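Please look over the sequence and the model shown here. A short report follows.

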Amino acid sequence: MSQKSFVWFCLLPLAVVTTAFFLLPMARLVVAGAEGPHGLAGYLAILTEARYRATLINTVLLAAATTVVTLIVATIAGMFLQRHRFPGRAVLIAMLTFPLAFPGVVVGFMIILLAGRQGLIGDLSNRIFGEKFVFAYSIYGLFLGYLYFSIPRVILTIMAAVQKLDVGLEEAARSLGASPWAVQRDVVLPALAPAFVASGAIAFATAMGAFGTAFTLATNIDVLPMLIYTEFTLAANFATSAALSVGLGLITWLILALARSFSGSAVAAAG
Amino acid sequence: MRDRLIFTGQFIFTLLVAAFLVVPAGLSISAGVTVNYFRGIQSGVTLQWVAQVWELYAGTILLSFVIAFATLAVTLLAGVPAAYALHARGGRLARIVEEIITLPLAIPGLAIALALLLAYGSFGDFRRSWLFILVGHVIFTMPFMVRSVMAVFATVDIKTLDEGAASLGASPWRRFRDVIVPNALPGILAGALMVVTLSLGEFNLTWMLHTPLTKTLPIGLADSYASMRLEVASAYTLIFFVMIIPLLVAMQLLADRDHKR
């Protein structure tokens with residue numbers, strides 16, 4: 001066998017698997033989205049139908065809030081961990097990154113243990129204020145869950161980016177009389193912008209499409225993945241759920257593609 | 001003085017964030033071995049919940065391992081040669097192929113699962129078997145294997161090695177077996193750990209693809225969260241932690257070793 005045909009032969013198994021179990025099904029999904037009573041207009045329902053639009057807006061707002069808060073939290077903690085050396089630092093980093101491999105369902109359970117009916121927060125608030133704070137099963141619980149999910153990922157990216165910063169630039173700014181705050185604002189944060197975009201896009205896309213956490217917390221939280229799930233399984237509304245999931249897939253893919261073209265690094269959302 | 005204050009503030013903040021992540025996991029571990037969570041750990045320490053989980057859900061744990069290793073086998077057989085081919089061929093086609101196989105990372109698992117259901121849901125025997133879940137896991141984990149192997153090819157000069165072996169008269173297949181694969185081993189190992197970890201924890205796709213007879217561990221977890229007492233759900237989560245943490249540690253050690261080289 002010649003080298004050239006051997007290379008093609010190497011590619012063959014992957015091509016078969018990807019075509020049969022990814023490309024063809026995705027094409028089927030796109031077609032199914034237009035097979036409803038409204039035909040192609042089914043794709044516009046996500047924008048025209050008030051209920052779907054409200055869910056979409058809800059999901060985008062939740063994902064945006066998750067992204068912003070995660071970035072702030074991860075930047076403060078990541079910068080601190082990368083810039084200082086102290087005993088216990090390695091343990092702290094391990095603690096902050098070990099939830100990386102938790103599936104969404106487990107994250108949901110963590111939130112129930114924190115803010116659920118038998119949760120820690122309710123228990124503490126009951127002792128202090130005489131009232132039980134329970135919010136795990138609402139959109140706030142979901143928000144907390146997405147934070148839990150994205151903080152470890154983003155911290156790792158920020159720490160890697162802080163490590164690559166040129167400390168000389170900061171020293172130069174300081175020697176020219178810039179205040180610590182001005183150094184952060186004008187030197188450090190702009191240099192971290194690509195990391196913010198890359199990790200922020202992952203956090204956003206993951207929060208848009210994650211299903212496991214919402215599923216564990218409650219089935220009546222109004223976000224896009226739950227809507228798709230209920231349309232498909234409970235209402236057996238295949239065309240709508242197909243159109244909605246194509247829309248959701250396009251949004252997450254677009255955000256990640258935009259972030260990648262801006263920051264130049266490969267990004268991936270999982271979970 | 002001021003630096004000291006900033007340091008302390010950041011330190012406390014970071015500690016709080018770590019607590020947010022670790023405390024619930026700790027609660028879950030302690031609840032899994034507590035006789036009665038409501039009364040607290042004073043009620044005694046027990047393994048009865050772990051035993052009960054084993055009785056109820058051993059099948060899901062077993063199936064998860066079967067699927068994880070089958071996923072690993074498929075991603076190895078299809079992914080490693082493909083990574084080599086994509087690297088050797090290069091150019092536009094390789095970039096497009098890489099782009100396509102990476103798409104499942106950008107598209108929510110729910111959408112991929114729906115696509116698989118719509119395309120193959122009517123093939124009853126296939127739909128009912130665990131192979132249906134396997135297919136989803138393969139699509140979802142394949143990019144990790146391919147990219148992790150390609151990352152190694154980008155650092156070792158595989159082309160020179162390959163051409164050297166070719167000039168000595170080695171056939172393409174022998175070169176692949178004796179030159180390419182041994183050199184790609186670190187990437188294969190990293191990819192394999194990632195594939196198994198992701199497959200063991202995969203829920204989004206699996207929830208849509210499973211049947212009552214093909215439940216994996218995360219499906220069982222969701223089931224126990226919804227219908228079992230907190231102690232049982234916690235014990236189950238504990239078992240999941242015990243399974244997943246060695247994999248995470250191995251991944252970290254591998255990354256550290258790569259870093260030092």
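## Around I111(A)

What does I111(A) touch beyond its close neighbours in sequence? Leaving aside residues within four places, I111(A) is in contact with A136(A), G141(A), L144(A), G145(A), Y148(A) and L217(A). Keep in mind that this is a predicted model.

I111(A) also stands out in the largest nonpolar core, which has 165 residues. Together with L114(B), I111(A) touches the most other members of that core. Which element gives the core its largest share? That is helix α2 of chain B, residues 48-89, with 16 residues.

## Chain A as a whole

Chain A has twelve helices and zero strands. From the N terminus on, every element in its order is therefore an α, as the helix and strand runs are defined. Its C-alpha trace spans about 75 × 65 × 35 Å along the principal axes.

How much of chain A is buried? Of its 271 residues, 47% count as buried. Now take the contacts in chain A with a separation of 6 or more. Residues 24 or more positions apart account for 71% of them.

## Where the chains meet

Chain B puts 61 residues in contact with 65 residues of chain A. Several elements of chain B give two or more residues to this side, among them α1 (2-32), α3 (91-106), α8 (172-201) and α11 (230-260). The most comes from α1(B), with 14 residues.

What kinds of residue make up the side of chain B that touches chain A? They divide into 50 nonpolar, nine polar and two charged.

## Helix α2 of chain B

α2(B) has 42 residues. From its first C-alpha to its last, α2(B) reaches 57 Å. That is close to the 62 Å expected at 1.5 Å a residue.

Where is the kink in α2(B) centred? It is centred on Y57(B), and the kink is about 70°. Just after the helix comes G90(B), which takes a positive phi of about 60°.

## Transmembrane regions in the record

An unreviewed UniProt entry lists "transmembrane region" for residues 54-80, 101-123, 129-158, 179-200 and 233-255 of chain B. How do two of these stretches look in the model?

Over residues 54-80 of chain B, the chain is 100% helix and 0% strand. The end C-alpha atoms of that stretch are 36 Å apart. Over residues 101-123 of chain B, the chain is 78% helix and 0% strand. Here the end C-alpha atoms are 24 Å apart.

Definitions and conventions. Residues numbered from 1 in each chain as written. Chains lettered and ligands numbered in written order. Predicted model: local features only at pLDDT ≥ 70, side-chain atom pairs only at ≥ 80, totals over all residues. Core = buried A, V, L, I, M, F, W, Y, C linked by C-beta atoms within 7 Å. Buried ≥ 20, exposed ≤ 12 C-beta atoms within 10 Å, placed from the backbone. Helix = DSSP H or I, 4+ residues; strand = E, 2+ residues; numbered from the N terminus. Contact = placed C-beta atoms within 7 Å. Nonpolar A, V, L, I, M, F, W, Y, C, P; charged D, E, K, R; others polar. Expected span 1.5 Å × (residues − 1). Bend = angle between axes of the 7 residues up to and from the residue. UniProt positions renumbered as here; feature names shortened; annotations may be inferred.
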